[in-house]
Structure formats: C-alpha cells, structure tokens
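Hello,

Here is the structure I promised to pass on to you. Please have it open while you read, as my notes follow below.

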Amino acid sequence: MALTKISSVFLICLFGFYSQTAKSQFCGCSPIRCCSQYGFCGITDQHCGSGCQSGPCRTSRDPVDEIVTKKFFDGIINQTRNGCAGKRFYTRESFLSAANTTLNFNSTVTRLEIAAMFAHFTHETEHFCYIEEVNGTSRDYCDENNMQYPCVPGKGYYGRGPIQLSWNIMYGECGDNLKLPLLSQPELVGSNSTVSFRTGLWFWMKSLRPVLKEGFGATIRAINGMECDGGNSGAVSARTGYYRDYCRQLGVDPGANITC
C-alpha cells in the first residue's frame with residue numbers, strides 16, 4: 001500500500017515536470033515574444049510578467065544604463081570623423097537622461113529593442129556624425145494643409161536628431177507630447193542633446209516599437225518605406241548590418257524577418 005502511494009506521488013511529480021518542460025519547449029515563440037506560464041506567445045504583461053518562461057520577460061530586463069554601456073555607446077560614436085558636429089553633441093549621458101524621462105521606456109526596454117533602435121540611430125546620423133539633415137535647409141518640409149500644426153514663418157522642419165524628425169506635423173505632435181515648443185522652436189532639437197534624444201525616443205515609441213514584434217524589417221518600413229520598395233537597397237543592407245552587429249554585442253538573437 002505504501003509503495004502504491006509513493007508510486008502515485010512520483011507519477012504526479014513526473015507528469016508535472018514533463019508538462020512544464022513541454023510548455024517551455026513547444027511554446028514556439030519568436031525571440032522577441034514572451035512565452036507565458038501557460039505556454040502562449042505574446043508581449044503583454046500577462047505573457048512577459050509573472051511565470052514568463054522565455055523571451056524578453058519583464059523580470060529579466062536590465063535597466064537601460066546596463067544595456068547602453070559606455071563601451072557600447074563609444075563603440076558607435078568613435079567610428080565617426082573628428083570634425084563631425086554630432087561627435088561633440090550626442091552623449092551617452094544625454095541619451096540616458098532622455099530615456100529616464102520617457103514614460104514606460106526605461107522599465108520595459110529590452111536588449112533587442114536597443115539593438116534595433118541604435119541601428120536606426122547609427123544609419124540616420126552616420127554613427128552620430130550629423131545633428132541635422134545634410135542640405136536640409138534647401139528642402140520644403142511644410143505641409144500647408146495641416147491646420148492643427150501650421151508652419152511658423154521662417155522656421156524649418158527638416159530632419160534633426162538621432163531619428164531625423166521631419167515635417168511640421170511631427171514637430172508639432174512631438175512637442176505637444178514632450179511639452180516643448182518644437183513647432184515654434186524646431187531648432188531646439190538640434191541645439192539640446194537631451195531634447196534631441198527625447199524626440200528620437202518619442203518617434204520610436206509612437207511608430208517603431210509597436211511593429212518591432214513583427215521583426216526588424218517592419219521597423220525599416222515604418223521609418224522609410226521607400227527603402228523597402230526598392231528605393232534604396234543599400235540603406236536596408238546598412239540598417240540590417242548594424243542591427244545584427246548590435247544584437248551580437250548585446251548577446252541577443254536578432255530573430256526572424258530582419259529585412260523588408
């Protein structure tokens with residue numbers, strides 16, 4: 001009788017062990033999705049919170065300053081030319097300051113997301129060389145049909161910052177969100193490093209983070225769809241190259257659907 005009870009307990013424990021192993025092994029999530037305690041894939045708190053088995057679980061995320069180390073940041077900016085204005089402008093400290101003031105970023109960011117973000121930063125600014133778009137002053141980025149954020153006479157809304165924020169509607173919307181007068185003073189993006197990074201993080205949270213779950217290629221399309229449609233295959237190659245390199249440096253799997 002005692003042996004039967006012991007056998008029953010053993011079988012129950014063994015079944016539980018294999019059940020948990022099977023859920024973890026066969027969850028089948030991509031590297032950028034969490035495998036929940038019940039074996040389902042997703043990115044919500046229910047998937048990535050308590051009981052999360054694998055993927056970018058909330059409990060395993062590092063503070064942003066432990067991901068964007070001085071070595072990581074310097075490894076990018078030190079590749080640019082000494083004469084570049086951005087080399088004296090962009091700093092790791094200003095990025096961390098921007099990150100710490102951006103709602104719901106620091107506590108939720110993953111290494112894979114940082115790899116994707118800095119891949120775009122690197123390409124848009126050529127390793128943090130440029131603060132403003134090359135020959136940007138010669139281009140018209142004013143949508144005169146937009147009545148919500150009308151262009152201010154004498155102001156230019158060409159690309160500025162690590163993500164090259166452009167157009168009056170973007171400056172206006174970003175300014176409203178950050179509580180900064182960017183529509184009337186767009187030059188703030190090119191004169192204050194922390195503000196510059198805050199605009200980049202705003203655009204990331206608004207347009208790029210939501211599609212990252214589809215793969216890095218989706219973020220390329222979100223930032224410049226023309227590149228994906230044959231407009232600039234070299235740019236796509238450059239972005240994906242930076243992304244793979246930063247994933248390697250940060251020790252994460254780049255996942256599927258890397259190109260668009």
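T219 is buried, with a relative accessible area of 0% (buried means under 20% relative accessible area, exposed over 50%, partly exposed in between, with a 1.4 Å probe and protein chains only). This residue sits in helix α11, residues 216-223; helices (H or I, at least four residues) are DSSP runs, numbered from the N terminus. Not counting residues up to four places away in sequence, T219 touches H120, L208, V211 and L212, where contact means heavy atoms within 4.5 Å.

Before you read on, please note that this is a predicted model, in which local features need pLDDT of at least 70 and side-chain atom pairs count only at pLDDT 80 or more, while totals for chains, interfaces and linings use all residues. Residues are numbered from 1 along each chain as its sequence is written, and side-chain values use heavy atoms, with hydrogens and water left out.

Staying with α11, its partner is helix α13 (residues 233-250): the two pack at an angle of about 135°, with axes 11 Å apart. Axes here are lines fitted to C-alpha atoms, for helices over the stretch in contact, and angles run from 0 to 180 degrees between N-to-C directions. That angle makes α11 oblique to α13; under 35 degrees counts as roughly parallel, over 145 as roughly antiparallel, 65 to 115 as roughly perpendicular and the rest as oblique. F216, I220 and I223 of α11 meet V236, R239, T240 and Y243 of α13.

On the α4 side the contact involves F72, F73 and I76, and on the α7 side I114, F118 and T122.

Both of these helices come up again around α6. In α6 (residues 92-100), R92, S94, F95, L96, A98 and A99 are buried. The cover over those residues includes α3 (64-67), α4 (70-77), α7 (111-125) and α10 (193-212).

Finally, have a look at S193, which lies in helix α10. S193 is buried, at a relative accessible area of 11%. Leaving aside neighbours within four places in sequence, S193 is in contact with F89, Y90, T91 and S94. The side chain of S193 also reaches the backbone oxygen of F89 at 3.0 Å. As for G161, 32 residues away along the chain, its C-alpha atom is separated from that of S193 by 8.2 Å.

Technical notes: A polar contact is a pair of N or O atoms within 3.5 Å; within protein, one must be able to donate a hydrogen and the other to accept it, and residues adjacent in sequence count only if both atoms are side-chain atoms.
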